[in-house]
Amino acid sequence: MIVKDWLAIWNEVKHDGLWKKADWTVKAEADTAFSPARLRARLLELSPWEGVAIYIKNVRDGVGLPTPFMLFSSKAVETLLSDDENCASNVERRKGESFYLSTCLDASGAGYMLDEGLIDDRRSGEEHTWDLTDTSACSGEGVIAYRPFQQAAPWLECSQKAEEAAAKLADQAEPAVDDQAELRDRL
């Protein structure tokens, strides 16, 4: 099995060009389950400006860009991929993908929005829950992504629970159909 450097993967993203077909790009690690429906709803809540280079941070301190689940506007991806030469020569890669990407975006004038409910990472926080098959948190409100689920069955179960919970929330909130359809088309 060939393991690729994260910068090489971003280079593939650049040459593939698929990111150009959506207003937002999600970078999720394989052990991260997330709810596209919750993501759409959260973007409606955040109301980021269209056509602006912006990314979502999940904590106030430090880099704030969670490696397991990253969210970038199309303009932010364009900014990252077009400014790679400056970043490649001026930003320390050994500090990791989060540091590199947020530093490059910040230096190029991109903005960010803070969403502290973006990810439930069982490897961090006060609880340090290490039962990597426990999907009970996946049906809670507010969180977009959950990790780590390193086995297929819990990952699928978590994804399903998150989508079912998102559907219940959508039924309760009954957001404007036009807004929801417009955002779904943009993602």
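Analyst: What follows sets computed values against their definitions.

This is a predicted model, where local features need pLDDT of at least 70 and side-chain atom pairs count only at pLDDT 80 or more, while totals for chains, interfaces and linings use all residues. Residues are numbered from 1 along each chain as its sequence is written, and side-chain values use heavy atoms, with hydrogens and water left out.

User: Why is serine 35 called buried?

Analyst: Buried means under 20% relative accessible area, exposed means over 50%, and partly exposed is in between (1.4 Å probe, protein chains only). Serine 35 has a relative accessible area of 0%, so it is buried. Serine 35 sits in the loop between E2 and H2. Helices (H or I, at least four residues) and strands (E, at least two) are DSSP runs, numbered from the N terminus.

User: What does serine 35 touch, not counting residues up to four places away in sequence?

Analyst: Contact means heavy atoms within 4.5 Å. On that basis serine 35 touches Ile144, Ala162, Glu163 and Ala166.

User: What makes serine 47 partly exposed?

Analyst: Its relative accessibility is 49%, so serine 47 counts as partly exposed. Serine 47 lies in the loop between helix H2 (36–46) and strand E3 (54–57). Its phi is near 50 degrees, a positive value in a residue other than glycine. Most residues other than glycine have a negative phi, and most peptide bonds are trans.

User: Which peptide bond is cis?

Analyst: The bond from arginine 147 to proline 148, with omega near -5 degrees. Proline 148 is in the loop between strand E7 (145–147) and helix H6 (152–173).

User: What makes strand E2 (33–34) and strand E6 (119–121) edge strands?

Analyst: Two strands pair if DSSP finds at least two bridges between them. The open sheet has three strands, in the order E2-E7-E6, with mixed pairing. E2 and E6 each pair on one side only, as edge strands. E2 and E7 pair in the antiparallel sense over two bridges, and phenylalanine 34 stands opposite alanine 145 in E7.

User: How do you know that tryptophan 10 and phenylalanine 72 form an edge-to-face pair?

Analyst: Rings of Phe, Tyr and Trp (its six-membered ring) pair if their centres lie within 6.5 Å; planes under 30 degrees apart count as stacked, over 60 as edge-to-face and the rest as tilted. Here the centres are 5.6 Å apart and the planes are at 90 degrees, giving an edge-to-face pair. Tryptophan 10 is in helix H1 and phenylalanine 72 in strand E4, so the pair ties together parts 62 residues apart in sequence. Both residues are buried.

User: Why is the pair of phenylalanine 34 and phenylalanine 69 called tilted?

Analyst: The ring centres are 5.1 Å apart and the planes are at 55 degrees, so the pair of phenylalanine 34 and phenylalanine 69 is tilted. Phenylalanine 34 is partly exposed because its relative accessible area is 23%. Phenylalanine 69 is at 0%, so it counts as buried.

User: How do you know that the charged end of arginine 93 sits over the ring of tryptophan 6?

Analyst: A charge sits over a ring if NZ of Lys or CZ of Arg is within 6 Å of the ring centre and within 35 degrees of the ring normal. The charged end of arginine 93 is 5.7 Å from the centre of the tryptophan 6 ring and sits over it. Lysine 57 lies over the face of tyrosine 112, at 4.1 Å from the ring centre.
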